[in-house]
Amino acid sequence: MKDVMILTGAGQIGMAIARRMGFGKKIVVGDKSLKNAETIAKIMNEAGFDVTPVEMDLSSRESIKNLISEALKYGEISMLVNAAGVSPSQAPVESILKVDLYGTAVLLEEVGKVIKEGGVGVTISSQSGHRMPALTAEQDELLATTPAEELLSLEMLQPENIRDTLHAYQMAKRCNEKRVMAEAVKWGERGARLNDIAPGIIVTPLALDEFNGPRGDFYKNMFAKCPAGRPGTADEVANVAELLMSPAGAFITGSTVLIDGGATASYYYGPLKPQE
Ligand SMILES: NC(=O)c1ccc[n+]([C@@H]2O[C@H](COP(=O)([O-])OP(=O)(O)OC[C@H]3O[C@@H](n4cnc5c(N)ncnc54)[C@H](O)[C@@H]3O)[C@@H](O)[C@H]2O)c1
């Protein structure tokens with residue numbers, strides 16, 4: 001038996017983190033697109049990793065539980081990397097909330113029930129959640145602690161209160177951060193840690209959909225005017241994951257690390273600040 005890493009989302013960010021941290025482990029990769037999972041499994045297996053692809057849907061508790069049962073066949077789960085998601089240009093409001101907000105909450109809860117002592121997890125939110133004004137303390141607490149099955153019934157998430165897909169995505173990503181804080185407390189009871197990474201624009205198929213979508217100019221302007229002056233790479237996100245998931249990060253749990261080339265800083269106090 002080997003320790004197992006569960007990877008959800010066979011995209012560029014997920015693969016970069018799995019390649020960095022998945023050596024010596026069994027990696028079970030779940031994706032709604034079995035083809036994406038198989039593609040990554042092939043690339044990684046040909047590079048010395050031990051990867052099994054599984055079809056799974058992050059928006060379904062049953063599917064998440066099935067993925068966990070598959071993983072447990074190989075050994076104890078010591079790592080979780082959640083990099084599955086849909087972006088504002090890829091899906092309607094309802095799917096964004098179901099996948100990015102509800103699905104992430106369920107996954108963190110279900111893996112938290114079985115994570116091995118000393119285990120670590122990361123989930124990927126987004127800088128996008130940092131551009132929305134602060135919610136009230138009460139709203140934050142509701143996002144953090146409402147039982148997952150009741151999350152999508154919260155008043156703030158009803159269609160009349162969600163302006164568009166970008167707003168849905170921002171609410172989902174804000175919820176991810178709050179959820180990680182609340183779940184980190186439970187993971188801690190098992191001697192495990194859980195953190196969140198909020199990336200800025202990272203060149204992946206998801207981001208390329210955004211560059212070519214209705215907000216393309218907005219995104220290109222964003223990386224041109226951020227302090228780094230460029231979009232990031234998935235391997236740079238893996239640098240952060242490596243810190244969070246290794247012993248050097250032993251005192252970090254319940255945190256969100258923003259890695260966005262300074263785009264958020266510029267949004268508040270620089271050239272990316274929205275004009276009144
Ligand atoms: N690329 C960026 O610029 C960027 C920036 C901030 C945050 N993110 C976040 O990073 C995460 C990974 O994005 P990426 O850029 O690597 O994208 P990607 O498109 O390369 O990969 C995302 C993967 O998630 C899978 N997926 C979609 N819906 C699913 C579902 N319901 N169940 C299971 N799998 C599903 C897709 O099939 C795809 O393989 C997402 O949560 C995204 O919101 C990306």
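User: At what angle do H1 and helix H10 (residues 234-245) pack, and how many Å apart are their axes?

Analyst: In this predicted model, H1 and H10 pack at about 45°, and their axes are 8 Å apart.

User: What does that make H1 relative to H10: roughly parallel, roughly perpendicular or oblique?

Analyst: Oblique. Roughly parallel would need an angle under 35 degrees, and roughly perpendicular covers 65 to 115. The crossing of the two helices is right-handed.

User: Which residues meet in the contact of H1 with H10?

Analyst: From H1 come Gln12, Ile13, Ala16, Ile17, Arg20 and Met21. Their counterparts in H10 are Ala234, Asp235, Val237, Ala238, Ala241, Glu242 and Met245. By class, that contact has nine nonpolar residues, one polar and three charged.

User: What makes H4 roughly parallel to H7 (residues 165-189)?

Analyst: H4 and H7 pack at about 10°, with axes 9 Å apart. An angle under 35 degrees counts as roughly parallel, so H4 is roughly parallel to H7. Their contact divides into 13 nonpolar, four polar and six charged residues.

User: And is the crossing of H3 and H4 left-handed or right-handed?

Analyst: The crossing of H3 and H4 is right-handed. The axes of H3 (residues 61-72) and H4 (residues 93-112) come within 10 Å and cross at roughly 35°. Arg61, Ile64, Lys65 and Ile68 in H3 meet Val106, Leu107, Glu110 and Val111 in H4. Five of these contact residues are nonpolar, none is polar and three are charged.

User: Which strands does H3 lie across?

Analyst: H3 lies across S1, S2 (26-31), S3 and S4, and runs at about 160° to S2. Those strands belong to an open sheet of seven, in the order S3-S2-S1-S4-S5-S6-S7, with parallel pairing.

User: What makes S3 (50-55) and S7 (256-259) the edge strands?

Analyst: Each of them pairs on one side only. From one strand to the next, the twist averages 20°.

User: How do you know that S1 (residues 4-8) and S4 (residues 77-82) pair?

Analyst: Two strands pair if there are at least two bridges between them. S1 and S4 share five bridges, in the parallel sense, so they count as paired. As an example to look up, leucine 7 has valine 81 in S4 as its bridge partner.

User: Let's turn to the ligand. How many residues surround the ligand, and which are the closest?

Analyst: The ligand is surrounded by 30 residues, and the closest are Gly11, Ile13, Gly85, Thr204 and Leu206. By class, the shell divides into 15 nonpolar, 12 polar and three charged residues.

User: Which helices each supply at least two residues of the shell around the ligand?

Analyst: H1 (12-21) and H8 (205-211) each do. Ile13, one of the closest residues to the ligand, is also one of the H1 residues that meet H10.

Methods:
Residues numbered from 1 in each chain as written. Predicted model: local features only at pLDDT ≥ 70, side-chain atom pairs only at ≥ 80, totals over all residues. Axes fitted to C-alpha atoms, helices over the stretch in contact; angles between N-to-C directions. Helix = DSSP H or I, 4+ residues; strand = E, 2+ residues; numbered from the N terminus. Left-handed = near helix turned anticlockwise from the far one by under 90°. Contact = placed C-beta atoms within 7 Å. Nonpolar A, V, L, I, M, F, W, Y, C, P; charged D, E, K, R; others polar. Near = placed C-beta within 6 Å. Parallel < 35°, antiparallel > 145°, perpendicular 65-115°, else oblique.
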